[in-house]
Structure formats: structure tokens, C-alpha cells
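Colleague: I've got this model open and would like to learn how to read it. Can you walk me through a few features?

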Amino acid sequence: MGSLQNQKPDNGFSGTMKPLDPEEFRRQGHLVIDFLADYYKNVEKYPVRSQVEPGYLKKRMPESAPHDPEPIEEILRDVQKDIVPGITHWQSPNYFAYFPSSGSIAGFLGEVLSTGFNIVGFNWMSSPAATELESIVMDWLGKMLDLPSEFLFSGGGGGVLQGTTCEAILCTLVAARDQMLKKIGRENINKLVVYGSDQTHSALQKAAQIAGINPQNFRAVATTKADAFGLTADAFRATIESDIAAGLFPLFLCATIGTTSSTAVDPLSPLCAVAEEYGIWVHVDAAYAGSACILPEHRHFLNGVENAHSFSFNAHKWFLTTLDCCCMWVKDPSALVKALSTYPEYLRNKASESKQVVDYKDWQITLSRRFRSLKLWMVLRSYGVDNLRKFLRSHIKMAKNFEGLIGMDKRFEVVVPRNFATVCFRISPLEFGGNHQIVSKEDAANNFNAKLLETINESGKIYMTHAIIGGEYVMRFAVGATLTENRHVILAWKVVQEHANALLTSS
């Protein structure tokens with residue numbers, strides 16, 4: 001990388017610059033597709049977690065941007081040489097960290113089409129196809145999930161594609177906030193209370209902060225191992241009653257299907273029943289596990305969603321659709337519109353004023369929006385419901401196999417029930433005996449498992465992440481990468497055992 005002041009590369013920019021010359025686009029596009037195809041072909045060979053040190057890239061880059069244009073061939077060489085080493089390879093078949101970010105040909109090419117059209121679809125008029133396709137696809141997907149008709153456009157509700165769950169929670173919280181303040185007066189905003197569990201994603205706390213909720217009124221209700229770390233209706237009710245006695249106004253519950261730490265499930269039916277008594281808006285966050293709920297055998301996890309106000313899941317996690325693509329449904333779209341709509345003169349048009357169209361700018365935080373529905377439509381059409389179900393079942397089966405391998409090694413234990421395709425496990429505290437220990441067996445187990453996970457990840461062979469659940473440090477093995485096969489799961493278990501053997505021997 002660097003200036004090519006003494007060269008005149010054939011990069012399509014000779015003479016007058018033509019940034020969208022069709023033939024040059026075709027030539028360079030082929031090179032980029034070939035580059036990525038080779039990357040996917042060889043991704044298994046890279047260390048899964050990036051091995052670079054902080055600040056590595058600044059040492060490789062020039063002080064300033066190049067004065068003259070550089071050819072795509074040279075840029076791609078630098079991508080391979082400088083960028084790829086700094087990537088943690090989420091598409092690797094040996095990636096089992098966090099939650100998956102599953103890619104696919106259809107998802108990628110849908111993104112290419114969307115980016116190629118490069119529309120800014122804030123209202124119907126700005127690109128009718130973008131708005132109408134989104135509404136259609138969201139009804140398709142809602143039917144696949146067997147959502148109640150009240151969540152679909154065909155039933156008076158509706159769906160929208162947000163960027164991430166963080167946006168979905170914030171938008172629904174703002175809608176709930178404004179509904180409540182209209183009843184009790186805006187001067188009481190500091191008395192509104194937001195509820196989740198101690199397992200709820202931190203996105204809820206961030207949304208509450210942004211929405212102006214008093215930080216002292218954010219409730220992370222305690223869960224227990226006895227309840228598989230799901231939020232119980234009794235604990236929820238007790239917290240509400242305490243808040244009401246203190247003169248506060250219960251506002252919003254975020255219930256989770258598949259928590260980040262352990263994929264725990266909050267029981268929707270009893271929680272929604274309590275929420276209804278107190279006029280609380282219920283949002284169901286199924287960011288990870290929502291995809292699995294298109295499986296008839298997993299749909300029961302959504303029982304009770306008919307009594308919630310809104311629901312979301314991330315198609316960019318485990319549904320072959322590239323980031324970003326959060327699918328969100330609401331029963332009452334007008335609540336979103338009232339809270340989020342602005343209508344300046346420069347956006348006024350006949351279609352919007354007819355009230356016959358959806359203007360998605362009023363369903364989200366930002367004005368501008370991408371043509372996300374195109375990639376989701378491509379995924380649904382290219383693979384079909386049956387193949388998507390097979391894809392999800394294959395990962396669930398692999399996770400079950402991994403769970404079985406753990407069960408055959410008595411040194412290890414599965415810490416919480418496996419609901420989907422994520423297994424939380426650890427070396428058991430029973431492995432740490434002796435009468436002269438300074439720390440307890442539990443603390444020794446936590447320290448050992450943390451060290452074990454780091455040595456595994458440093459090897460680059462596989463990548464997992466951790467959680468602390470009920471005070472126990474666990475390793476999370478999340479199956480979901482598109483390229484993962486059962487042989488990778490077997491290899492991963494061997495890697496875990498090898499590092500455990502070495503660490504136990506040296507301890």
C-alpha cells in the first residue's frame with residue numbers, strides 16, 4: 001500500500017474518474033467475488049480468533065491516504081496481507097463463540113443487490129418496492145413462526161426490519177413510555193420502571209438510559225438455577241408490588257427466549273398475565289432463539305407471545321441472513337408512529353398523506369434506512385422453509401452430540417439445560433480436592449475454567465466465549481456457523497480435552 005505517483009495503473013480511473021463505470025464494476029466485482037470465494041474455501045485454515053496485538057494495523061498503514069488511485073489488485077493483496085490477520089473468523093466452521101453470524105450465498109447476494117441499488121428507503125415514495133417487499137416478507141416470516149395474526153399486517157399489526165435488537169428494544173420502550181406518560185403526565189418520567197432479569201441482555205439497560213428512564217428504576221430481577229435462570233412470575237410480581245408501594249409506575253418488561261449467557265427461557269404466559277394486571281408493555285426478545293422457533297418442535301417456547309405487545313429476533317444470527325437484520329413485530333403500529341414520527345415539509349407527499357402506505361421512517365430511530373428486506377427475501381426464496389428447518393436442526397443435533405461427548409468425560413459437567421444449539425459446560429469443582437487450598441473448590445473451578453478457555457482460544461484451533469451463571473464460570477459452545485459439520489464438533493471436543501489434560505497435569 002502507498003502512493004503510485006510514478007505509475008499509471010489500469011484501474012478504470014484514467015482521465016475523468018468514472019466511479020460507476022459498468023464494465024469496470026463488472027471486472028472488479030469478479031475479482032472481489034473470487035477473493036471471497038477463496039476466503040470461504042480456506043477459512044478453516046486460519047486461527048479462528050485473531051492473534052494480533054492492539055495497534056497492529058497502525059504500524060502497517062501509511063500516515064495518510066494515497067494521493068493517486070491504486071489498483072483493486074493491490075488493494076486486495078493488502079486486504080489479504082494486513083486485514084485478514086486482524087479478523088476473527090465468524091464464518092469459520094470452528095467458530096463457537098458468542099452467537100453465530102451465519103452467512104449464505106443468498107444472504108450475501110441479497111446484500112450485494114441491496115447495496116448495488118443503494119436506495120434510501122425512508123418512506124414509501126422513496127422506493128415503493130423496498131417498503132412493500134418488507135411488509136410482505138415480514139408477514140411471510142411471521143406466519144413461519146406461527147405468530148398470532150395480530151402481529152401481522154394482515155391482522156392489523158405489522159413487522160419492520162431494524163438493524164439490531166438494541167434498536168428494537170429502544171423503539172418499543174419509547175412507544176411504551178409515551179403511551180404511559182400520556183396517561184400520567186410527562187412530569188412523571190422519573191417514576192417509570194423498566195424490568196428484565198439478571199440474565200436479560202444489556203441492550204435493555206442501554207435502551208432505558210437512552211429513553212430517559214431513571215437509572216435507579218431499572219430492575220434486573222434475580223433468577224435461580226432451580227428455575228433454569230428463567231424469570232419467574234412470582235419474582236416479577238413481588239418486584240412490581242414493591243415499586244408500586246414506593247409510588248412508582250411499572251412500564252416495560254423485556255422477556256427473553258434464549259438469553260445470551262445460557263439460552264434460558266422466560267415463561268411468557270405467566271409473565272404476560274402478571275404484566276396485563278399492571279398495564280405493562282411486554283417485549284419478547286428472541287434475538288438468538290427466534291430462528292429455531294420456525295421448528296414445530298421448538299414453537300412451544302413462544303407460547304404466551306399472543307399476550308405480548310412486541311416481538312423480535314435477529315435473522316443475522318442463525319438464519320443465513322447477513323448482518324444487520326433484526327425482525328420486529330408490533331400489535332399496534334400506531335404506538336410506534338406516535339412516538340417516533342416526524343413529518344417535515346420536505347418529506348410531504350401524496351402517498352403518505354393518503355394513509356394508504358407504510359412509511360418505515362416512523363417505525364425506527366433513524367430517518368434513512370437500507371433495503372434489508374431484499375436479502376431476507378432472497379434467503380426465504382433460495383432455501384425455502386423446509387431447508388431452513390433442516391439447517392437449524394443440523395446445528396441442534398451437533399450441539400446435542402457435543403453434550404453427549406461431555407457426558408462421557410466425568411471431569412466435565414453441563415451446567416444448565418441445553419434448549420437450542422448452545423452448550424454451557426465446565427470442568428467440575430469435584431476435580432479440585434485437597435485440604436490445603438486457599439480458595440474454595442468453586443473458586444478453584446472458576447479460575448481453572450477461565451484459564452482453560454484462554455489457552456484453548458490462544459491456540460487458534462477453535463473459539464469459544466464464556467459466561468458467569470449463578471456464580472459459576474462456564475464455557476459456551478454455540479453451534480451455528482454455516483460451514484460447521486459434525487467433524488468440527490468432534491475436533492473441538494478433542495481440543496478441549498487436550499488442553500484440559502495439559503492444564504490439569506501442570507496444576
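Colleague: Let's start with Q199: is it buried or exposed?

Modeller: Buried means under 20% relative accessible area, exposed over 50%, and partly exposed in between, using a 1.4 Å probe and protein chains only. Q199 has a relative accessible area of 8%, so it counts as buried. Keep in mind that this is a predicted model, where local features need pLDDT of at least 70 and side-chain atom pairs count only at pLDDT 80 or more, while totals for chains, interfaces and linings use all residues. Residues are numbered from 1 along each chain as its sequence is written, and side-chain values use heavy atoms, with hydrogens and water left out.

Colleague: Where is Q199 found, and what is it in contact with?

Modeller: Look in the loop between β2 (192–197) and α6 (203–210); helices (H or I, at least four residues) and strands (E, at least two) are DSSP runs, numbered from the N terminus. Contact means heavy atoms within 4.5 Å. Leaving aside neighbours within four places in sequence, Q199 touches T223, F229, T259, S261, S262 and I469.

Colleague: And how do I read a pair of packed helices?

Modeller: Two packed helices are described by the angle between their axes and the distance between the axes. The axes are lines fitted to C-alpha atoms, for helices over the stretch in contact, and angles run from 0 to 180 degrees between N-to-C directions. Here, α5 (residues 165–184) packs on α6 at about 45 degrees, with the axes 9 Å apart. That makes α5 oblique to α6, because angles under 35 degrees count as roughly parallel, over 145 as roughly antiparallel, 65 to 115 as roughly perpendicular and the rest as oblique. On the α5 side, the contact includes C166 and I169, and on the α6 side A203 and L204 are among the residues involved.

Colleague: Now the open sheet of 4 strands: what is its strand order?

Modeller: Strands of a sheet pair through backbone hydrogen bonds, either parallel or antiparallel. Two strands pair if DSSP finds at least two bridges between them. In this one the order is β8-β9-β11-β10, with antiparallel pairing. At the edges sit β8 (412–414) and β10 (465–469), each pairing on one side only.

Colleague: How many bridges join β8 to β9?

Modeller: There are 3, and β9 covers residues 422–427. For V414, the bridge partner in β9 is F425. Helix α12 (residues 373–407) packs on the sheet, touching β8, β9 and β11 (472–478), and its direction makes about 15 degrees with that of β9. Helix α14 (residues 486–506) also touches β8, β9 and β11, at about 20 degrees to β9.
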